[in-house]
Amino acid sequence: MSVTACQGLGFVVSLIGFAGIIAATCMDQWSTQDLYNNPVTAVFNYQGLWRSCVRESSGFTECRGYFTLLGLPAMLQAVRALMIVGIVLGVFGILVSVFALKCIRIGSMDDSAKAKMTLTSGILFIISGICAIIGVSVFANMLVTNFWMSTANMYSGMGGMVQTVQTRYTFGAALFVGWVAGGLTLIGGVMMCIACRGLTPDESNFKAVSYHASGQNVAYKHGGFKASTGFGSNVRNKKIYDGGARTEDDEQSHPTKFDYV
């Protein structure tokens with residue numbers, strides 16, 4: 001799969017997952033009434049993160065929001081926070097990934113900048129998906145705990161022969177939407193991170209090349225000698241290195257470390 005296809009597919013999958021996270025957060029059916037022991041009922045209760053609803057047999061539905069913040073269970077508030085954090089991170093991930101798409105050119109943005117932006121958006125999508133999955137899983141665990149506690153309290157007195165009326169709640173449709181949406185967002189983020197490796201430009205390796213400085217070779221001798229140049233004389237200029245004389249030909253045949261870059 002090419003880099004552009006992997007990046008585009010990851011963006012589309014993350015976008016679908018992000019839309020699912022928003023839909024799951026706004027849905028009211030996070031927990032629905034269990035009708036196992038009472039299949040025929042005049043009312044049907046279901047609850048969400050923001051309000052609880054009652055649907056009558058006539059089809060009339062009435063919802064009431066949670067007009068309190070401190071009175072809500074701590075686990076419900078934690079699930080709210082996780083879903084909101086997932087949505088916020090998803091928004092930033094989409095904004096960054098739009099400018100990081102390889103098929104879109106903005107000014108003189110090079111491939112290295114697009115690679116960094118792709119990696120950033122992938123990480124944001126991964127964290128967003130993880131937050132959504134954790135939030136839905138925490139709510140599901142709370143439902144399971146309350147369900148079995150309610151089941152244990154349904155039968156009391158006279159050796160368990162008397163059944164008490166108590167409403168039990170089970171998984172709603174929003175939980176399954178949240179799990180699938182979080183998984184899609186996570187997969188899309190991983191694909192964006194994989195596409196980042198293909199967008200990173202290869203490092204160029206330069207070989208060492210020897211060169212000699214152009215210009216007149218001028219040697220100065222101390223002690224009253226005249227300076228000699230490369231013009232009008234066939235006498236080779238000599239320089240003193242470590243107490244010994246070397247000609248220019250010797251210097252060119254034995255290059256030093258300063259002759260390479």
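These are my notebook entries on a few features I looked up in this structure, which is a predicted model.

**Entry: the core**

I began with the largest nonpolar core, which has 23 residues. Which of its members touch the most others? They are Ile21, Trp30, Leu49, Val79, Met83, Phe139 and Leu175. I then looked up the helices that take part: α1 (3-26), α2 (74-100), α3 (111-154) and α4 (173-199) each give at least two residues to this core. The largest share comes from α3, with 7 residues.

**Entry: Phe125**

Staying with α3, I picked out Phe125, which lies in that helix. Is Phe125 buried or exposed? Its relative accessibility is 0%, so I noted it as buried, the cut-off being under 20%. Next I listed its contacts, leaving aside neighbours within four places in sequence. Phe125 is in contact with Ser14, then with Gly90, Gly93, Ile94 and Ser97, and also with Thr185, Leu186, Gly189 and Met192. I also looked up Val190: it is 65 residues from Phe125 in sequence, yet their C-alpha atoms are 8.2 Å apart in space.

**Entry: the sheet**

On to the strands. I found an open sheet of 5 strands, ordered β4-β3-β2-β1-β5, with antiparallel pairing. Its edge strands are β4 (61-65) and β5 (169-171), and each of them pairs on one side only. On average, neighbouring strands of the sheet are turned by 25° against each other, direction ignored. How many bridges join β3 and β4? I noted 5 bridges for this antiparallel pair, with β3 covering residues 51-56. Here I also saw that Cys53 stands opposite Cys63, which belongs to β4.

**Entry: aromatic rings**

My search for aromatic pairs across the whole structure gave 5. One of them is Phe171 with Trp179: the ring centres are 6.1 Å apart and the planes stand at 70°, so I logged the pair as edge-to-face. Trp179 also pairs with Phe176, with centres 6.0 Å apart and planes at 70°, so this pair is edge-to-face too. Phe176 and Trp179 both sit in α4, 3 residues apart, about one turn of the helix. Together, Phe171, Phe176 and Trp179 are linked into a cluster by ring pairs.

Finally, I checked how accessible these three residues are. Phe171 is partly exposed, at 30% relative accessible area. Trp179 comes out at 28% and counts as partly exposed. Phe176 has 46% relative accessibility, and I put it down as partly exposed as well.

Methods: Residues numbered from 1 in each chain as written. Predicted model: local features only at pLDDT ≥ 70, side-chain atom pairs only at ≥ 80, totals over all residues. Heavy atoms only, no water. Core = buried A, V, L, I, M, F, W, Y, C linked by side-chain atoms within 4.5 Å. Buried < 20%, exposed > 50% of the residue type's maximum accessible area, 1.4 Å probe, protein only. Helix = DSSP H or I, 4+ residues; strand = E, 2+ residues; numbered from the N terminus. Contact = heavy atoms within 4.5 Å. Pairing = 2+ DSSP bridges. Axes fitted to C-alpha atoms, helices over the stretch in contact; angles between N-to-C directions. Phe/Tyr/Trp six-rings, centres within 6.5 Å; stacked < 30°, edge-to-face > 60°.
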